[in-house]
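Me: I have a model open and want to go through its contacts. Shall we take it question by question?

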Amino acid sequence: MKIGYARKSTTNQSLDGQVDQLRLAGCSRIVEETASGAASDRPALRKLIQELGPGSALVVIRLDRLARSTIDLLTILKSVADRGASFVSLQESWADTTTAAGRLILTVIGGLAEFERELIKSRTSEGRERAKARGVRMGRKHKLTPHQQAEVRKRKAEGQSVRELGRSYNVSANTISRIK
């Protein structure tokens with residue numbers, strides 16, 4: 001069973017062209033959704049994928065109707081494959097998991113995306129290490145100067161409340177309580 005997915009980004013757009021093409025492709029059911037392609041959580045798409053089963057196929061007119069990035073596309077296609085279903089893009093004939101060639105191409109693209117993710121992680125980690133070696137301190141800046149922190153310690157030792165100290169330095173009581 002072929003199930004079509006038609007998505008538009010704004011309420012001013014029309015789904016008529018997508019719906020017509022999906023009907024011509026033999027979709028017995030068409031799920032329509034108004035949501036940004038950049039949004040990773042699209043309720044209608046999520047529900048449609050949960051309803052897929054062995055022998056069914058998710059059909060879209062173009063890949064951009066399904067995903068905005070390669071990683072998002074591969075995540076969605078993995079969810080479809082995990083349900084035993086296939087995927088077909090009408091305008092990108094290479095994106096068709098019902099054929100061996102389509103599965104091969106999507107597997108290669110998936111491998112490249114995974115490789116790129118690993119390169120990005122590696123470069124980010126190396127950059128962080130170089131910055132630390134140069135003495136760059138990671139994370140947020142302290143709200144209180146070292147002098148103010150010393151004053152807080154002294155005033156806490158004198159018995160002033162954390163809440164009172166927070167008000168006097170214009171910070172939260174949690175910030176004051178973290179100063180040991």
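Me: Which residue does the side chain of Asp 64 meet in a salt bridge?
Reply: This is a predicted model. The cut-off for a salt bridge is 4 Å from nitrogen to carboxyl oxygen. The N to O distance here is 3.0 Å. The partner is Arg 62.

Me: Is Asp 64 buried, partly exposed or exposed?
Reply: Buried means under 20% relative accessible area, and exposed means over 50%. Asp 64 has 27% relative accessibility. Asp 64 therefore counts as partly exposed.

Me: How many salt bridges does the model have?
Reply: The pair Glu 116 and Arg 123 is one of them, at 3.6 Å, N to O. Bridges that share partners join Arg 62, Asp 64 and Arg 65 into one network. The count comes to eight.

Me: How many residues apart in sequence are the parts that Arg 29 and Glu 51 tie together?
Reply: The side chains of Arg 29 and Glu 51 form a salt bridge of 2.7 Å, N to O. Arg 29 lies in strand E2 (residues 29–34), and Glu 51 lies in helix H2. The pair therefore ties together parts whose separation in sequence is 22 residues.

Me: Which residues have the most contacts inside the largest nonpolar core?
Reply: This core has 21 residues. The residues with the most contacts inside the core are Tyr 5, Leu 52, Leu 58, Leu 66 and Phe 87.

Me: How many residues are in the second, separate core?
Reply: Its members include Ala 6, Ile 30, Val 59 and Val 88. Val 59 stands opposite Val 88 in E4. The residue count of this second core is nine.

Me: Are the residues on both faces of E3 buried or exposed?
Reply: Ala 57 and Val 59 lie on one side of E3. Leu 58 and Val 60 lie on the other. Both faces are covered, and these four residues are all buried.

Me: In what sense do E1 and E3 pair?
Reply: Three bridges link E1 and E3. Ile 3 stands opposite Leu 58 in E3. The sense of the pairing is parallel.

Me: What is the handedness of the β-α-β unit made by E3, H3 and E4?
Reply: Four bridges join E3 to E4 (residues 86–89), and these strands run parallel. The unit is right-handed.

Definitions and conventions:
Residues numbered from 1 in each chain as written. Predicted model: local features only at pLDDT ≥ 70, side-chain atom pairs only at ≥ 80, totals over all residues. Heavy atoms only, no water. Core = buried A, V, L, I, M, F, W, Y, C linked by side-chain atoms within 4.5 Å. Buried < 20%, exposed > 50% of the residue type's maximum accessible area, 1.4 Å probe, protein only. Helix = DSSP H or I, 4+ residues; strand = E, 2+ residues; numbered from the N terminus. Pairing = 2+ DSSP bridges. Right-handed = clockwise from strand over helix to strand, strands pointing away.
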